[in-house]
Amino acid sequence: MVLITIMQITNFDLFFTDTIMEYVFDFGESEPFSAIFEEADFETSNYVLLAGSLFLIAVSFLIYAVLRETLLWFIRYFDTGFCLMEKLGEMDYVVTVLRFLLESCLELSLAGLITVVKLDSSNWANFSDGFSTVLAFVNLVGLVGAPIFLIVQAHIFHKYYDTNQEVRDKYKTLFEDYRRRSLPSLLYNVVFFLRRYFMVIILIYLPLHKNLQIFAQLLSTLFVMCYIGYVEPYKEKARNTFEWFNELTVLVASYALLTFTPWVDDNDTRYLVGWVMIGVVALNMVGNITMMLVTKLCQAVTKTRLWYTKRKVKADF
Amino acid sequence: MIVNLLDPKFFMGIKSRKEPKFKENIVIVPPQVNKTNQESIETANKAFRNSLQAILAANFVLNFLMSGLLQYLWGMINALQMIVYSVLFNVAYPPNA
């Protein structure tokens, strides 16, 4: 299936995780959540195996952060190698972790909830299984904490931005893309998280209610579209428009799901709608990649023009 | 280490008790460590160099991923996630999708 292949890309499932996991851990057998999940490559209820590449990325980032901070400590302690410090630049760990959670919250919350729902004695059979289960609970706490953290930070940023320089510096990178005068704009990421949690809860606790699943998807997409249209969270108009376009593609793909229920009996119609769905996904990809390239090209042209003007002014004097 | 001698007259050979002859008043002093220690230092140096390379490479990748240029890529991935996770709904997908 095309969508399952794309799912591997959107989940950043790019490494040979199974081989690496087998080498490091000794997991026991665990049952998949359901037959549908098994078909979509969710063949286990083990958290670490379900998280796959995301777990490896998180561990790599942790090692990187420890090495980086040790190196910076050495530079400060021995008062040498400041050119290296400049080369490393600044790193906002909060923003990086939040970006990681935003991109992976769907898979991580699904993996965590599956492990918790299917919890039994096999989850504590050996050290590897126990570690995976504990990690699932820690992950769920982190994922619940992330939107709460964002609500508090957005509130502080909105309230004290004009009066407190410290607040301005601290949250500069966290909310730099959003319209800082509008609190709903700053809370856009919270809506982003909650919508995905809503989808995951529906998938796990109402796995057989197909119509409810589709309508939950449709209504949540419509809500986000209204939110983007009314609040316009981003500073750049083009970005708001493209965010709205992305949601539109999700809405069209969700409407297509209605034909995959017993409501439509004809297999030819389903097959045709399947192509429509692939077309919508392709349109989304082409649109975003084109926009990315156009933005980069515009930036390059502006920079070249600036460089040329500076050179001309220098030559004139 | 290279030592540049300003006045070589102050030096005397241990056995010959004569003033040694230096080429351009430069003496190359070998590292004042034994072989085992030198090997350990070289191993540590190699490990440090590899770690530094790894940190710089990871730093470059992270800065690239966090840059504003990729905002449309993240937008695309977020939208695609919502579409592709609908394969977990209890519906009968056609074989082509």
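The contact between the chains draws on 54 residues of chain A and 35 residues of chain B, where two residues touch if their C-beta atoms, placed from the backbone, lie within 7 Å. On the chain A side, helix H14 (residues 267–316) supplies the largest share, 14 residues; helices here are DSSP runs of H or I with at least four residues, numbered from the N terminus. Sorted by class, that side has 32 nonpolar, 13 polar and nine charged residues, with Ala, Val, Leu, Ile, Met, Phe, Trp, Tyr, Cys and Pro taken as nonpolar, Asp, Glu, Lys and Arg as charged, and the others, Gly among them, as polar. All this comes from a predicted model, in which local features need pLDDT of at least 70, side-chain atom pairs need 80 or more, and totals for chains, interfaces and linings use all residues. Residues count from 1 along each chain as its sequence is written, and chains are lettered from A in the order in which they are written.

Now for the inside of chain A. Helix H11 (residues 188–205) has buried residues including A:Tyr188, A:Phe193 and A:Leu203; buried means 20 or more other C-beta atoms within 10 Å, exposed 12 or fewer, and partly exposed in between, again with C-beta atoms placed from the backbone. The buried residues of H11 pack against helices H7, H8, H10 and H12 of chain A.

Most residues other than glycine have a negative phi. A:Asp41, however, has a positive phi of about 75 degrees, and sits in the loop between H3 and H4 of chain A. With 17 C-beta neighbours inside 10 Å, A:Asp41 is partly exposed. A:Glu232 also has a positive phi, about 45 degrees, but is buried, with 21 other C-beta atoms within 10 Å.

Terms used:
Helices (H or I, at least four residues) and strands (E, at least two) are DSSP runs, numbered from the N terminus.
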